[in-house]
Amino acid sequence: MNSTNYYIELIRPLTDKKSDYAIAKKLGVSRTTISKYKLEKMSLDGDTALTVGAILGINPLVIIAHVKSNNAPKIENQQRWKSLGDQLKNMTKMVGIVTAVIFLNIMQVPDSKAQTKGYAINLGA
């Protein structure tokens, strides 16, 4: 299964009827486009990758890189695209972790007046 079909199949369970038509409607493309994806006659374009990324919560650049890795004519370029996609995926995970840590730390910052009196207010409650 190529990358385009992989991402399309990840969307299938998120549709009401789980049909190709339902996937096409969710992505804003035609049923014919979905058929072309499945037959590997066509790959996700950038705009559709943006939509897929939004639906799945995946960085669309990761999707584009993985799709490009399937379509690159030279093996060395396939490997480069795949490596880039993997790096982007790891960076996206790290950004998420760092964001969560910062958010949690912000939620635990004590009130300055309370701190001077020796007690803190829990902002998370």
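**How many salt bridges does a search of the whole structure find?**

The search turns up six, a salt bridge being a side-chain nitrogen of Lys or Arg within 4 Å of a carboxyl oxygen of Asp or Glu. Before going on, note that this is a predicted model: local features need pLDDT of at least 70, side-chain atom pairs count only at pLDDT 80 or more, and totals for chains, interfaces and linings use all residues. Residues are numbered from 1 along each chain as its sequence is written, and side-chain values use heavy atoms, with hydrogens and water left out.

**Exercise 1. Work out what Asp 20 pairs with, and where the partners sit**.

Step 1: Start with Arg 31, whose side chain meets that of Asp 20 in a salt bridge at 4.0 Å, N to O. Arg 31 is in helix H3 and Asp 20 in helix H2, so this pair ties together parts 11 residues apart in sequence. Helices here are DSSP runs (H or I, at least four residues), numbered from the N terminus.

Step 2: Now try Lys 38, which also forms a salt bridge with Asp 20, at 2.8 Å, N to O. This one links helix H2 to helix H3 across 18 residues.

Step 3: Check the cover. Asp 20 is buried at 10% relative accessible area, while Lys 38 is partly exposed at 40%. The cut-offs: buried is under 20% relative accessible area, exposed over 50%, partly exposed in between (1.4 Å probe, protein chains only).

**Exercise 2. Classify the one aromatic pair**.

Step 1: Recall the rule: rings of Phe, Tyr and Trp (its six-membered ring) pair if their centres lie within 6.5 Å; planes under 30 degrees apart are stacked, over 60 edge-to-face, the rest tilted.

Step 2: The structure holds one such pair. The rings of Tyr 6 and Tyr 7 have centres 5.1 Å apart and planes at 75°, so call it edge-to-face.

Step 3: Compare the cover: Tyr 6 is partly exposed at 43%, whereas Tyr 7 is buried at 5%.

**Exercise 3. Find what Val 52 touches**.

Step 1: Leave out neighbours within four places in sequence; Val 52 is then in contact (heavy atoms within 4.5 Å) with Tyr 7, Ile 11, Leu 27, Leu 44 and Ile 63.

How values were computed:
Helix = DSSP H or I, 4+ residues; strand = E, 2+ residues; numbered from the N terminus.
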